[in-house]
Amino acid sequence: MESVGQTDPSKLSDAEWAELRHALGNQRMLGLNYYSGGHLSHGYRLNASATMFEVQSYDVDRETNLLDYDTIRDHARTFRPLILLAGYSAYSRRIDFSIFREIADEVGAVLMVDMAHFAGLVAGKVDGFAGPNDPVAHAHVVTTTTHKTLRGPRGGMVLSTDEFGEYVDKGCPMVLGGPMPHVMAAKAVAFTEASTPEFKTYARAIVDNASALASACIDNGMDILTGGTDNHLMLANIAHYGLTGRQAESAVREANVTLNRNSIPFDPNGAWYTSGLRFGTPALTSRGMGTTEMTEIASIMASVLSATKPRAITRGRLAGQLSKARATTDAETVDAARARVHDLLSAFPLYPDLDLDYLKKSFT
């Protein structure tokens, strides 16, 4: 734009516009690999981010499943990205964002942090999300959803330093159309709640519950990656049950426990079947559950997984092999697990202030 003395892209010639689009589409981004806990939008090849940028990914260490900052630094020095992206959707340990900022400054990159998953823990000033572990203090640009741990409406927010504020404010017309005032109002309510002492108590309880849940899962024979968690989520490698993530997800959901299958680092089963499960504690904490309930939930999940077996393929050239898609669970175990889940939910009703008996009578 500067080379042709123009500030308005609509006034560029077709040839100039093609040259600009080519230049924009070849900017470099370095982000956490999806299979190591990054998000789809961090450069996964089936996501738009991989077509908008020339993307390379950094991984966790194969032995520890943790980020190796020296390796990331060496990668950035070689690749020289425009954007160095930190953050995660399935990584259970804290991140030192001060080191990421050092790396970004060294290679001339913009440090962008996706804190969509853990924004509520940052807002709640939880131990482990302050100082070097606070993304807002170190990043040039921070993006987040407003649901998840922030516990607001489904939506998003972009924060930036003054340097990039003018460009962030041009979301419309670049990627946004008309505003949704009702969602803006709901975000305002969520931000107000997030500034209260009660929210800090909630955020800290999320982490305490997650730590307790991870420990209880390990005590019940589940393989929790990295041996625990520093945040609100954890990953379980369920390969030792002889199951894929898809089979394990279906079995546990049949028992009325909600979670999702998820790739683990260097997953041999890929992104569809996977070898892992991802689960966390924000919703459980919102309902008032504590560490005692986390022990019960871990026991329920472990009982279901132990009673689940993959089905044998009966037809075709793969007959006799075990299916990656189907599994069966002992019916008595499922019934017992559902009953235990029902007891938990009954003790912690979703809307405790509502007179459900009155509502039932009113609509019958």
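1. First, a convention for the helix pairs below: axes are lines fitted to C-alpha atoms, for helices over the stretch in contact, and angles run from 0 to 180 degrees between N-to-C directions. Helices (H or I, at least four residues) and strands (E, at least two) are DSSP runs, numbered from the N terminus. This is a predicted model, where local features need pLDDT of at least 70 and side-chain atom pairs count only at pLDDT 80 or more, while totals for chains, interfaces and linings use all residues. Residues are numbered from 1 along each chain as its sequence is written, and side-chain values use heavy atoms, with hydrogens and water left out.

2. Start with H13 and H14. Their axes come within 10 Å and cross at roughly 165°. That makes H13 roughly antiparallel to H14 (angles over 145 degrees count as roughly antiparallel, under 35 as roughly parallel, 65 to 115 as roughly perpendicular and the rest as oblique). H13 passes H14 in a left-handed crossing, where left-handed says that the near helix is turned anticlockwise from the far one by less than a right angle, and right-handed that it is turned clockwise.

3. Which residues of H13 and H14 meet? On the H13 side they are Glu 293, Glu 296, Ile 297, Ser 299, Ile 300, Ser 303 and Val 304, and on the H14 side Thr 333, Ala 337, Arg 340, Val 341 and Leu 344 (contact means heavy atoms within 4.5 Å). This contact divides into 6 nonpolar, 3 polar and 3 charged residues. For these classes, Ala, Val, Leu, Ile, Met, Phe, Trp, Tyr, Cys and Pro count as nonpolar, Asp, Glu, Lys and Arg as charged, and the others, Gly among them, as polar.

4. H13 also packs on H9: the axes of H9 and H13 come within 8 Å and cross at roughly 35°, and the crossing is right-handed. From H9, Asp 208, Asn 209, Ala 212, Leu 213, Ala 216 and Cys 217 meet Thr 291, Met 294, Thr 295, Ile 297, Ala 298 and Met 301 of H13.

5. The crossing of H3 and H4 is right-handed.

6. On to the second largest pocket, which holds about 810 Å³ of space. Of its 33 lining residues, Thr 258, Gly 280, Thr 281, Ala 283 and Leu 284 are the closest to its centre. Elements giving two or more residues to the lining are H9 (197-219), E10 (276-280), H12 (282-286), H13 (291-306) and H14 (331-347). H12 gives the largest share, 4 residues. For the grid work, a 1 Å grid is laid over the protein atoms alone: a cavity is a set of points where a 1.4 Å probe fits but cannot get out, a pocket is an open set with protein on both sides within 12 Å along at least five of seven lines, and lining residues have an atom within 4 Å of a point.

7. Searching the whole structure turns up 1 cavity of 30 Å³ or more. The largest cavity has about 80 Å³ of space, and its lining divides into 5 nonpolar, 4 polar and no charged residues. Volumes are the space filled by probe spheres set on the points, with points joined across faces, edges and corners.
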